[in-house]
Amino acid sequence: MASVTKEQIAAAKQMSAIEFLQRYRAADLVPCKTRGEYQLKSHDSFKINGTSSIWHWKSRDIGGKSALDYLVYVEGCSFVEAVRLLCEESPGFVPQNHSQAEQIRPPFVLPPAAPDNRRVVAYLLERGIHREVIADCIRRGDLYESARCHNCVFVGRDEHGQPQYAALRGTYTQGRPFKQEVAGSQKRYGFYLPPNSSSFRLSVFESAIDAMAELSLHGNDKHRLSLGGIYAPGDSARPISRPPAALEEFLRRHPEIVEIELCLDNDARGRAASAALARYYQPRFAILDCPPPIAGGDYADLAKQLRQQTARNRVACR
């Protein structure tokens, strides 16, 4: 690897995940009911053993042991960025003795596609997404229905147009909705909706459905990017520990962007994240805070609510 030396990589691998979290993410690290185990406030399905440092993020089905693993797989850093960060933040670090076994990043493979997209289309229409928006995403290959579980598959691509990321969303409406990322996904390549013409504005969302919903409600005159979730600081006054990987990568590839709309959820976590992101990116960009006008909800909730209201109005007019 040209950007970092073998010596730097070896040094970065020596810090364990639990040591990194205790030093630099202490406010986010909380004890579990199980003795000797911890979890993160920001990801409650993330568990780490305080002795062995072995961690597992259950909702994403990924795990590891070193701080390098954690930064790459959980916080979305690139490998080179994570190595440099660890070497800079702990240049004199002396590790404790532990095994060298680490979780290897699985290869990224898109789920097989179903013969058609009927269930995905029906589900998204029910959520208030316009048919034209759905059709455009399917035509580009950025949305399809998985063969096995009939999930929505939202695809993120690199600068060469190759799939490098995929978020899954269940189409069953009963119970808690299924949400997961495909193993091996690189979070810096988020699901993206291009504008109809050149634009200097970017709107960012927590999920792909939110981006599609807001596009369904407004014109397609700007870039739209899903961050694949957010890291929410404990309160709006705290700085973010690391900017979203998908946003950083997009801005690197689109230097023409001068304005960022923060279209995150209108709940406590979304408000805190928006405030932290606004502070981080000002004054390099003009920042607009644009939460959905629905308390505690997101743009997908808003689109669904408006669809249901329209349906009720039609019934009342009969």
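1. Leu168 stands opposite Gln180 of strand 9. The model is a predicted one. Strand 8, covering residues 163-169, is joined to strand 9 by three bridges, and the two strands run antiparallel.

2. These strands belong to an open sheet of four strands, ordered 6-7-8-9 and paired in the antiparallel sense. Its edges are strand 6 (143-145) and strand 9 (179-181), each of which pairs on one side only. On average, neighbouring strands of this sheet are turned by 25° against each other, direction ignored.

3. Arg157 pairs with Asp142, and the closest N and O atoms are 2.7 Å apart. The pair links distant parts of the chain: Arg157 lies in strand 7 (residues 152-157), while Asp142 lies in the loop between helix 6 (131-140) and strand 6, 15 residues apart. Asp142, with a relative accessible area of 8%, is buried.

4. The other sheet is also open; five strands form it in the order 10-12-11-13-14, with mixed pairing. Strand 10 and strand 14 (286-289) are the edge strands, each pairing on one side only.

5. Strand 10 (residues 192-193) pairs with strand 12 over two bridges in the antiparallel sense, and Leu193 stands opposite Arg224 in strand 12. Strand 11 (residues 201-205) runs parallel to strand 12, joined by four bridges; the bridge partner of Phe205 in strand 12 is Ser226. Strand 13 (residues 259-262) pairs with strand 14 in the parallel sense, over four bridges, and Leu262 stands opposite Asp289 in strand 14. Helix 8 (residues 245-253) packs on the sheet, where it touches strand 10, strand 11, strand 12 and strand 13; the direction of the helix makes about 150° with that of strand 12.

6. Which way do the side chains of strand 12 point? In strand 12 (residues 223-226), His223 and Leu225 point one way and Arg224 and Ser226 the other way, and all are buried. In a regular strand, side chains alternate between the two faces of the sheet.

7. Strand 11, helix 7 (residues 208-217) and strand 12 make up a β-α-β unit, which is right-handed. Helix 7 is mostly covered, with nine of its ten residues buried. The buried residues are Ala208, Ile209, Asp210, Ala211, Met212, Ala213, Glu214, Leu215 and Ser216.

8. Side chains of opposite charge can pair when their charged atoms come close.

9. An α-helix has 3.6 residues a turn, so residues three or four places apart point the same way. Glu249 counts as buried because its relative accessibility, 8%, is under 20%. Arg253, at 30% relative accessibility, counts as partly exposed. Elsewhere, salt bridges with shared partners join Arg201, Glu214, Lys222, Arg224, Glu259 and Glu261 into one network.

10. Over the whole structure, the search finds 15 salt bridges and zero disulfides. A disulfide is a covalent bond between the sulfur atoms of two cysteines. Cys32 has a relative accessible area of 17% and so is buried. Cys137 is also buried, because its relative accessibility is 1%.

Methods
Residues numbered from 1 in each chain as written. Predicted model: local features only at pLDDT ≥ 70, side-chain atom pairs only at ≥ 80, totals over all residues. Heavy atoms only, no water. Disulfide = S-S within 2.5 Å. Buried < 20%, exposed > 50% of the residue type's maximum accessible area, 1.4 Å probe, protein only. Pairing = 2+ DSSP bridges. Axes fitted to C-alpha atoms, helices over the stretch in contact; angles between N-to-C directions. Right-handed = clockwise from strand over helix to strand, strands pointing away. Contact = heavy atoms within 4.5 Å. Salt bridge = Lys/Arg side-chain N within 4 Å of Asp/Glu carboxyl O.
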